[in-house]
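Hi,

Here is the structure we talked about. Have a look at it, then read my notes below.

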Amino acid sequence: MTLKTKQAVLRCSTLNKSYTEGPQEVQVLTAIDFEIFAGDRIAIIGSSGSGKTTLLNMLGGLDLPSSGTVELAGKDFSKLNQKQRGQLRNQHLGFVYQFHHLLPEFTALENAAMPLLIAGKSMKEAKAQALKLLEKVSMAERAEHKPAELSGGERQRVALARALVTNPSCVLLDEPTGNLDQQTAAQVQQLITELAENSGTAFVIVTHDIELAQQQNRVLRLDKGQLRAANEA
Ligand SMILES: Nc1ncnc2c1ncn2[C@@H]1O[C@H](COP(=O)(O)OP(=O)(O)OP(=O)(O)O)[C@@H](O)[C@H]1O
Ligand SMILES: [Mg+2]
């Protein structure tokens with residue numbers, strides 16, 4: 001038993017985000033406070049346009065807040081330059097985008113191996129690890145296929161393998177089961193639970209799928225720019 005204070009994997013404090021559209025300023029996120037610890041599985045629900053993807057982009061350091069801070073592994077994204085943010089993300093985060101963002105000219109295996117190649121691993125090592133992850137999402141048989149030759153759900157599973165390949169401390173997922181049938185979605189959930197429990201991986205899952213949301217330990221709703229427990233009025 002260690003007495004060290006548990007450090008949040010990801011923490012955002014009084015985060016605000018607004019977009020300026022011509023003369024108009026649109027406030028999307030208002031004073032969001034949020035912490036995620038090892039092994040947490042948090043679902044974020046909210047209507048279309050409520051700011052879920054915007055929030056994930058801030059949490060992943062892909063975009064910076066208008067004010068407030070986001071810290072990953074104790075480091076404030078806004079204090080880093082773009083290259084350093086990329087390195088921090090590569091070290092600690094996995095990201096499954098709402099639209100898979102696989103690279104079209106590379107195979108499923110190469111796509112899944114990419115974060116390890118970026119981290120400086122050898123091609124052989126990266127591909128061996130990527131193949132293990134493709135097996136976990138039942139995509140090993142499609143390893144040599146390019147994204148255009150895969151179905152939407154298959155691409156999503158390759159994107160999930162890519163997000164998990166570095167064994168990140170936190171994984172951010174935007175609609176990970178949007179294109180999956182029930183059985184495959186259940187398999188993805190099983191993998192998420194297993195990694196959270198056995199490896200302490202933390203998950204933030206944005207979804208419209210209430211069933212998927214309810215399988216996580218905490219469900220938060222984004223509404224009018226604010227994040228609250230989903231069962232609060
Ligand atoms: N780059 C941008 N410039 C201006 N406005 C933006 C930009 N990105 C998002 N928005 C606006 O911010 C709001 C939140 O968008 P966001 O994509 O975060 O919603 P969402 O909750 O992910 O929706 P969905 O469930 O449809 O994916 C929307 O009103 C959107 O029009
Ligand atoms: Mg979205």
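How far does a polar side-chain atom of K52 lie from an oxygen atom of ligand 1? The distance is 2.7 Å, which falls under polar contacts (pairs of N or O atoms within 3.5 Å). H208 also puts a side-chain N or O atom 3.0 Å from a ligand 1 oxygen, while G51 uses a backbone N or O atom, again at 3.0 Å from an oxygen of ligand 1.

Before you go on: this is a predicted model, where local features need pLDDT of at least 70 and side-chain atom pairs count only at 80 or more, while totals for chains, interfaces and linings use all residues. Residues are numbered from 1 along each chain as written, chains are lettered from A and ligands numbered from 1 in written order, and side-chain values use heavy atoms, without hydrogens and water.

Back to the ligand. Around ligand 1 sit 13 residues, with E21, S48, G49, K52 and T54 the closest; a residue is in if one of its heavy atoms lies within 4 Å. Helix 1 gives the most to this shell, three residues. Helices here are DSSP runs (H or I, at least four residues).

Elsewhere, helix 5 (residues 152–164) and helix 6 (residues 182–199) pack at about 5 degrees, their axes 12 Å apart. Axes are lines fitted to C-alpha atoms over the stretch in contact, and angles run from 0 to 180 degrees between N-to-C directions. That angle makes helix 5 roughly parallel to helix 6, a label for angles under 35 degrees. R157, L160 and L164 meet T184, V188, L191 and L195 there, contact being heavy atoms within 4.5 Å.

Cheers

Conventions. Helices (H or I, at least four residues) and strands (E, at least two) are DSSP runs, numbered from the N terminus. Angles under 35 degrees count as roughly parallel, over 145 as roughly antiparallel, 65 to 115 as roughly perpendicular and the rest as oblique. A polar contact is a pair of N or O atoms within 3.5 Å; within protein, one must be able to donate a hydrogen and the other to accept it, and residues adjacent in sequence count only if both atoms are side-chain atoms.
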